[in-house]
Amino acid sequence: MTGFTVAIDGPAAAGKGTLSKAVAAHFGFAHLDTGLLYRAVAAKTLLGVEPIEAAQRLTAQDLDDTDLRTPEVAQAASKVAVIPEVRAALVDFQRAFAARAGGAVLDGRDIGTVICPDAAVKLFVTASAEVRAERRYLELSAKGDPSTRGQVLADVQARDERDMNRAEAPLKPASDAILIDTSELSIEAAVASAIAAIEACRA
């Protein structure tokens with residue numbers, strides 16, 4: 001199906017990345033984690049590049065950087081994402097990806113509201129801050145990160161505050177988005193719910 005776009009939004013550690021990859025694999029769609037765009041810009045700023053310049057010069061190869069998943073880059077990404085010129089520079093990159101033949105899944109924080117308001121399917125994946133913080137804590141602990149549960153929860157809440165209250169493209173569900181709360185769902189159940197929603201829109 002040409003140009004069939006699935007927009008998946010939600011806060012940090014809600015499970016949207018895992019769900020997006022599974023949905024893309026199920027339908028044979030291309031997948032873009034748009035958060036990586038902001039992480040890639042952030043990684044460049046940590047090396048001294050100005051945020052707007054970093055965004056304007058971003059290439060697909062920059063998304064392959066293996067250091068984009070660190071907590072430092074995540075926090076920096078949340079900060080550069082509030083800069084309107086950075087967001088504007090990355091919009092075209094995302095929209096071009098969304099329009100590709102064969103279908104595309106994009107996950108982020110403003111896909112259904114700003115990047116692809118005409119997406120065929122819009123999902124908003126969420127979970128309580130406590131559940132999301134516990135997931136992130138376990139993920140970080142497995143990598144040997146010394147952060148405490150309290151620190152991780154504070155980071156998640158601070159990021160939510162920034163993402164939801166920024167002037168430019170704040171994190172919120174699109175008016176026609178289907179809500180999936182993963183607080184008490186297994187990965188399999190969340191994926192099944194998403195696939196069912198997409199199948200209904202394709203029928």
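The largest nonpolar core of this predicted model has 31 residues. Within this core, the residues with the most contacts are Val41, Leu90, Leu106 and Cys116. Several elements give two or more residues to the core: strand 2 (30-33), helix 2 (35-46), helix 3 (51-56), helix 4 (71-80), helix 5 (84-98), strand 3 (104-108) and helix 6 (111-115). Helix 2 gives the most, with seven residues.

Not counting residues up to four places away in sequence, Val41 touches Pro51, Ala54, Ala55, Leu58, Val80, Val86 and Leu90. Apart from this core there is a second, separate one of 20 residues, and Ile8, Ala24, Val105 and Val191 are among its members.

Now turn to a charged residue, Arg87, which is found in helix 5. Is Arg87 buried or exposed? Its relative accessibility is 5%, and because buried means under 20%, Arg87 counts as buried. Which residues is Arg87 in contact with, once its neighbours within four places in sequence are left aside? They are Tyr38, Ala81, Asp110, Arg166, Glu168 and Ala169.

With these details in mind, let us step back to the fold. The protein has nine helices and five strands. Read from the N terminus on, its elements follow the order β-α-β-α-α-α-α-β-α-β-α-α-β-α. How much of the contact pattern comes from residues 24 or more positions apart? Among contacts with a separation of 6 or more, such pairs account for 79%.

The overall dimensions come next. Taken along the principal axes, the C-alpha atoms fill a box of roughly 45 × 40 × 30 Å. A compact globule of 203 residues would have a radius of gyration near 17 Å, and the protein, with 16 Å, agrees with that. Of those 203 residues, 46% count as buried.

Finally, consider the surface and the charges. The protein exposes about 9,700 Å², and carbon and sulfur atoms supply 54% of this area. Its side chains include 22 positive and 28 negative ones. How far apart do the centres of the two sets lie? The centres of the positive and negative sets are 1 Å apart.

Conventions. Residues are numbered from 1 along each chain as its sequence is written. This is a predicted model: local features need pLDDT of at least 70, side-chain atom pairs count only at pLDDT 80 or more; totals for chains, interfaces and linings use all residues. Side-chain values use heavy atoms; hydrogens and water are left out. Helices (H or I, at least four residues) and strands (E, at least two) are DSSP runs, numbered from the N terminus. The radius of gyration is taken over C-alpha atoms; the globule rule is 2.2 Å times the number of residues to the power 0.38. Buried means under 20% relative accessible area, exposed over 50%, partly exposed in between (1.4 Å probe, protein chains only). Contact means heavy atoms within 4.5 Å. Accessible areas come from the Shrake-Rupley method with a 1.4 Å probe; for residues, only the protein chains shown count as cover. Lys and Arg count as positive and Asp and Glu as negative; His and the chain ends are not counted. The place of a charge is taken as NZ of Lys, CZ of Arg, CG of Asp or CD of Glu. A nonpolar core is a set of buried Ala, Val, Leu, Ile, Met, Phe, Trp, Tyr and Cys residues joined through side-chain atoms within 4.5 Å.
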